[in-house]
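Dear colleague,

Please find the structure below for your records. My notes on selected residues follow.

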Amino acid sequence: MPGSVKVLCYNCVSAVSLCSGACAEVDSDTEAVAGEPFKLGCISCKMRGEVEASATVDWLFKARGEADFVHIYSYDGEASSIIDERFQDRMEWHGSKKTFDLQDASVDLLNVTFNDSGVYRCIFNRVLSYEHYEFSTIATKLVPLTVVAKATRSTASIVSEVMMYVSIIGLQLWLLVEMIYCYRKIAAAGEEALRASAAEYLAIASESKDNCAGVQVAE
């Protein structure tokens, strides 16, 4: 029991330490509903958080049926520019704020239309600043977007929900087994203590009886 508890606690601490970082790369949703806003997600985490850095972001778009990507949006940490008139007044920055060290480059696409279906490319141009030199890197994320008339639940969403309920039920069963195990351990320890007390009482009673018999014979 103590060993399993230690393992469980260690796993919990490990999970917290892994999840406690300031940045986690999460894939964007890929289905938008016509007429509603949609967030194009794009996150690129630095491999070394202690290194100072700055980044600019560019968004490109390849509409369904087109062969090439077109530059539609850019952001430099202070100001944004909508380059393609198809997205004029319909794109807003939703990423990292008040910093040049951009790691979240998500943008909101307002009043989505069916013409917004296609593939979006998010490009990070990042400069890592070391003590004596700078190092430039480029990270690219692709977001395939499908626009539908009405929201539908994806297979991944359904599977995730099912797995969540399975995990909850499994955890409850595990806790139940642990509780039963602990109860049996405590009950067994109590019975052992009672048996030891009874044996000690019988030994004392037997010794007292022998002493009384010895006194009577001496008289």
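With which side chain does the side chain of Asp58 make a polar contact of 3.3 Å? The partner is the side chain of Asn125; a polar contact is a pair of N or O atoms within 3.5 Å, where within protein one must be able to donate a hydrogen and the other to accept it, and residues adjacent in sequence count only if both atoms are side-chain atoms.

This is a predicted model, in which local features need pLDDT of at least 70 and side-chain atom pairs count only at pLDDT 80 or more, while totals for chains, interfaces and linings use all residues. Residues are numbered from 1 along each chain as its sequence is written, and side-chain values use heavy atoms, with hydrogens and water left out.

Asp58 belongs to strand β3 (strands are DSSP runs of E, at least two residues, numbered from the N terminus). A second polar contact, of 3.0 Å, links the side chains of Asp58 and His71. Asp58 is buried (under 20% relative accessible area, with a 1.4 Å probe and protein chains only).

Ser44 is located in the loop between β2 (38–40) and β3 (52–63). Ser44 counts as buried because its relative accessibility is 4%. Residues that Ser44 touches include Glu25, Phe124 and Lys141 (heavy atoms within 4.5 Å; residues up to four places away in sequence are not counted).

Definitions and conventions:
Helices (H or I, at least four residues) and strands (E, at least two) are DSSP runs, numbered from the N terminus. Buried means under 20% relative accessible area, exposed over 50%, partly exposed in between (1.4 Å probe, protein chains only). Lys and Arg count as positive and Asp and Glu as negative; His and the chain ends are not counted. A salt bridge is a side-chain nitrogen of Lys or Arg within 4 Å of a carboxyl oxygen of Asp or Glu.
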